[in-house]
Amino acid sequence: MTRRTHVALAAAITAALTLSLGACSSTKGSGDNGSGDGKGITTAGDGIIGGTPVKGGTLHILSNQDISQLDPARNWTEPEMDFGIRLLYRTLTTFKAAPGKDGLQIVGDLATDTGQSSDGDKTWTFHLKDGVKYEDGTPIVSQDIKYNVERSFDPDLSGGPDYAKKYLVAPADYKGPLKGSELGNDSIETPDAKTIVFHLKRPVAEFGYTVTLPTFAPVPKAHEGGTTYGNHVFSSGPYKVETYDRGKQLTLVRNTNWDPATDTVRKAYPDKIVMDQSGSPEGIADRMIANQGDDQSAIMYADLSSAKVADVITNADVKARLVSENENCTAMVTMDTQKAPFDNVNARLAVEYAIDKEAYQSAVGGPALADFATTYLPPALTGGTSVDHFKIPAAGDPDKAKQYLAQAGLANGFATEITVSNGQKAQAEAVQAALKKVGINVTINAVDASVATSTIGDKSKQTGLSLNGWCPDYPSGATFLPMLFDSRIISDTGNNGNSSRFKDPAVDAEMDRIGTLTDADQANQAWNALDAKIMDEAPAVPVTWQKKPLLVGSNVAGAFGSPIWSAEIDYATIGLKSVK
């Protein structure tokens with residue numbers, strides 16, 4: 001593949017997402033489904049709050065939860081991926097730190113460029129920059145990146161991006177280096193300390209984007225910590241872990257061996273970053289609204305509590321400190337298709353028609369912060385405009401739902417449970433109330449946010465319903481539908497992708513076919529058609545496309561919602577206006 005083709009692919013991907021950024025914020029359709037009214041709030045000014053930061057000071061991060069996983073082989077959720085990649089470890093390539101379309105461009109991070117392909121995009125070669133080092137000053141070498149990629153195959157290190165498993169030539173029974181073996185040269189070559197070569201099962205034209213993920217960060221074998229490595233990762237980024245009292249406080253300080261001359265993206269403005277993990281959503285919102293003391297130099301880690309949205313958007317001074325951009329993610333009510341009654345498509349369609357998306361939207365902050373989702377693929381991946389697949393009224397269609405229940409032999413309804421994180425109770429109650437109207441009685445199982453993903457991903461613990469969602473790892477359908485509905489990635493535990501446990505061999509085959517397409521436009525059309533096919537089988541109900549509401553303190557600068565990190569604040573360039 002020529003460099004010109006790489007550029008064309010990047011342009012096609014960028015165009016798709018750039019269209020959606022404008023469409024999602026203000027120009028949703030006004031049909032019967034009520035998807036958007038143009039009133040969604042966005043970050044003030046040019047999308048960056050506070051101007052350019054100064055060097056120094058302490059940035060405070062207020063959170064109501066522990067970080068579930070910082071091990072780069074296991075980190076695949078936001079905002080943890082943003083936090084880890086921007087602060088603690090570097091990847092072969094990374095996205096620029098900028099709002100809007102500029103933030104969709106990739107550059108070499110540890111690598112000198114975005115990769116060289118050969119063999120029809122089945123072989124990819126990367127060369128490491130000079131002078132890249134770990135926190136102790138030892139050099140980062142290609143073998144360390146290979147080692148972390150191998151770790152991602154280990155079933156005990158589950159939960160992380162599985163692109164290496166999907167793309168690399170590797171033995172079907174390979175279980176990672178901790179089980180005593182390495183991948184051979186037919187999978188990954190490291191001919192010298194600064195060169196790494198990946199051999200893929202099939203052409204992957206966008207592999208330069210794939211290696212932005214934390215799987216492609218370095219882990220030195222000498223610092224392997226197994227399942228506890230995430231408690232104290234060995235830094236290749238601008239900061240290192242000073243202390244970590246899980247569930248209470250995480251403190252990062254400068255990695256003095258990180259050389260900014262080797263890093264065009266991360267600015268590392270603060271001297272120290274302190275994450276307080278002991279707050280409550282409402283308490284954090286109150287502190288950020290009050291904007292006193294150290295909280296003036298603080299940012300939110302998780303979304304603004306929906307109960308506090310009105311307090312923010314009706315106060316001009318506070319609203320001016322609100323970062324609010326489109327996540328380009330789809331929130332879903334997911335059904336376990338391997339358990340009765342959700343192994344019956346008519347039972348699933350009953351839920352599809354019964355859900356009241358207006359009530360769900362209200363539970364997440366109302367139309368200012370969420371549009372109704374009507375397909376799995378977000379508008380970012382459907383050409384910039386939303387597609388309404390079923391044309392169900394936003395408040396649901398209980399009569400149609402009851403018809404599907406009757407067809408499933410469940411005319412009298414049934415009982416089930418829904419698993420949610422403890423911050424999603426309002427959304428769960430909206431689902432509960434809607435399904436009760438058609439005779440489906442739902443019990444809410446609320447668990448701590450730090451274990452919600454692992455609970456839903458455990459076959460023995462998973463309930464009939466769950467609330468979750470998906471965001472593209474980069475703007476391509478290849479990072480969306482296969483992660484949600486490919487049956488070959490299902491596992492009994494650590495099942496972080498296909499949580500509906502949906503199995504359709506025809507869908508799997510079509511994903512494989514689309515994966516061979518090197519024309520971006522053809523691939524996009526094929527992903528959209530496949531989205532419609534899966535919607536008809538209803539393994540999950542798309543409910544909202546949301547904005548990410550995050551307050552920052554009045555002394556914070558350089559804050560913006562990244563178009564890549566699900567509209568999370570980009571940690572690469574954030575800092576303080578002044579050091580006190």
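1. Contact here means heavy atoms within 4.5 Å. Helices (H or I, at least four residues) and strands (E, at least two) are DSSP runs, numbered from the N terminus. In those terms, Asn346, Leu349, Ala350, Tyr353 and Ala354 of α9 meet Pro398, Lys400, Ala401, Tyr404, Leu405 and Gln407 of α11.

2. The model is predicted: local features need pLDDT of at least 70, side-chain atom pairs count only at pLDDT 80 or more, and totals for chains, interfaces and linings use all residues. Residues are numbered from 1 along each chain as its sequence is written, and side-chain values use heavy atoms, with hydrogens and water left out.

3. Helices α9 (residues 345-354) and α11 (residues 398-407) pack with axes 8 Å apart and at an angle of about 170°. Axes are lines fitted to C-alpha atoms, for helices over the stretch in contact, and angles run from 0 to 180 degrees between N-to-C directions. The two helices, α9 and α11, are therefore roughly antiparallel to each other (the term covers angles over 145 degrees).

4. Two strands pair if DSSP finds at least two bridges between them. β13 pairs with β17 (residues 540-551) in the antiparallel sense over three bridges; aspartate 371 has tryptophan 545 in β17 as its bridge partner.

5. Strands β1 (residues 58-62) and β10 (residues 272-276) pair in the parallel sense over five bridges, and histidine 60 stands opposite valine 274 in β10.

6. A cavity is a set of points, on a 1 Å grid over the protein atoms alone, where a 1.4 Å probe fits but cannot get out; lining residues have an atom within 4 Å of a point. There are six cavities of 30 Å³ or more. The largest cavity holds about 110 Å³, a volume being the space filled by probe spheres set on the points. Of the 14 residues that line the largest cavity, Glu352, Lys357, Thr374, Asp388 and Ile392 are the closest to its centre.

Notes: 1 Å grid on protein atoms, 1.4 Å probe; cavity = no way out; pocket = protein on both sides within 12 Å on 5 of 7 lines; lining within 4 Å. Parallel < 35°, antiparallel > 145°, perpendicular 65-115°, else oblique.
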